[in-house]
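Visitor: Could you take me through this model, one question at a time?

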Amino acid sequence: MPRPILLIHGGAGDITDARVEGKFKGIKDALRAAWKLLEPAGAESSSSALNAVEAAVRSMELDESFNAGYGSCLNTAGAVEMEASLMEGRELRAGCVTLLTDVMHPITVARRLMEKRRHVFLGGQAAQELALSTGSEKLPAGALVTDSARQALREFLEQEAKGLDTTFARTELDDARTDPKGDTVGAVAMDASGLIVVGTSTGGITGKWPGRIGDTPLLGCGTYADNTVGGVSTTGHGETIMRYNLAQRILGAIQHQGLSAQAAAERECQKMTERIGGTGGAIVIDHKGEVGISWTSRRMAWGYVRDGIIHYGINHNEVFQEPLVAKAE
């Protein structure tokens with residue numbers, strides 16, 4: 001019987017030193033909020049992996065340290081447009097939504113779509129109507145916009161006006177705000193039955209055109225789950241990840257070439273950046289429950305829980321550990 005495992009990321013990009021503490025806190029908060037739904041005591045339901053992935057992503061969607069939900073990047077019109085996807089690996093059911101505005105939890109809207117068992121992907125007004133008709137609260141216009149996101153957009157537009165290259169949204173000019181090019185959030189879980197579930201949520205990239213759709217809601221790019229192979233959630237420069245089909249390439253390396261989850265993630269992230277130029281990262285759990293974590297960006301926030309220990313990090317070749325439950329003094 002597989003040991004349950006929950007693995008999450010909080011985005012890859014040029015994350016500044018000033019943002020590391022907030023990333024770490026958000027990662028650990030999300031793991032603690034979600035693990036109780038996955039561990040054996042809370043895993044009696046066949047939906048335990050789904051519940052854990054949704055809870056982890058929802059936690060990060062509430063946290064300004066991440067580019068998802070509250071704190072999302074702004075498009076050139078100064079508005080938030082969000083997207084998310086959720087997939088389970090037993091029946092390969094999925095829900096994908098894009099161009100959501102003024103609702104708090106895109107990942108929950110993606111789950112509601114998946115549970116309808118009719119369509120896989122909805123966007124724009126149709127996705128908005130699904131959200132509002134299935135319990136999402138309509139927020140006041142601009143409620144998800146943060147000061148750091150406004151600052152990131154100002155800096156992006158200044159760079160464009162100067163004729164600087166913004167191809168990969170490299171606008172890391174200030175330590176006091178969210179990195180505009182990564183920070184997508186994602187989670188992969190395996191429960192005690194071997195069910196793999198993956199969820200990913202994002203506000204996109206700063207300075208995107210209104211109506212732009214990224215890799216996050218695209219199966220095989222931002223998200224994929226198959227119990228017979230594994231599950232992947234990706235993060236980074238969306239146009240690069242879409243062109244490379246990163247999630248599916250990683251799973252293909254596991255399935256057809258016999259690579260471990262770690263080796264497959266490392267190889268395909270590196271090959272993507274070498275081929276296209278943009279950076280990104282991925283988290284992976286394979287069908288044996290082994291973990292893969294890799295990125296070509298400067299940093300990627302990540303963490304996982306196994307056997308009562310939180311493992312987490314943000315820099316290459318650096319791992320921290322702490323007990324899931326703090327010891328009483």
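**Exposure, sheet and cores**

Guide: Val325 is exposed, with a relative accessible area of 63%, where exposed means over 50%, buried under 20% and partly exposed in between, using a 1.4 Å probe and protein chains only. This is a predicted model, in which local features need pLDDT of at least 70 and side-chain atom pairs count only at pLDDT 80 or more, while totals for chains, interfaces and linings use all residues. Residues are numbered from 1 along each chain as its sequence is written, and side-chain values use heavy atoms, with hydrogens and water left out.

Visitor: What separation is there between the C-alpha atoms of Val325 and Gly308?

Guide: Val325 is found in the segment after β13 (320–323); strands here are DSSP runs of E with at least two residues, helices are runs of H or I with at least four, and both are numbered from the N terminus. Val325 and Gly308 are 17 residues apart along the chain, and their C-alpha atoms are separated by 7.5 Å.

Visitor: Which strands stand at the edges of the open sheet of 4 strands?

Guide: The pairing in this sheet is antiparallel, in the order β7-β8-β9-β10, and two strands pair if DSSP finds at least two bridges between them.

Visitor: Which residue in β8 is the bridge partner of Tyr224?

Guide: Strand β8 (residues 230–236) runs antiparallel to β7, and 4 bridges join the two. In β8, Tyr224 has as its bridge partner Val232.

Visitor: Is Glu268 buried or exposed?

Guide: Glu268 has its place in helix α8, and its side chain is joined to that of Arg267 by a polar contact of 2.8 Å, that is, a pair of N or O atoms within 3.5 Å, one able to donate a hydrogen and the other to accept it, with residues adjacent in sequence counting only if both atoms are side-chain atoms. Leaving aside neighbours within four places in sequence, Glu268 is in contact (heavy atoms within 4.5 Å) with residues including Tyr244 and Arg249. Its relative accessibility is 3%, so Glu268 counts as buried.

Visitor: How many residues does the largest nonpolar core have?

Guide: A nonpolar core is a set of buried Ala, Val, Leu, Ile, Met, Phe, Trp, Tyr and Cys residues joined through side-chain atoms within 4.5 Å. Leu6, Ile8, Leu86, Val97 and Leu100 have the most contacts inside the largest one, whose residues number 54.
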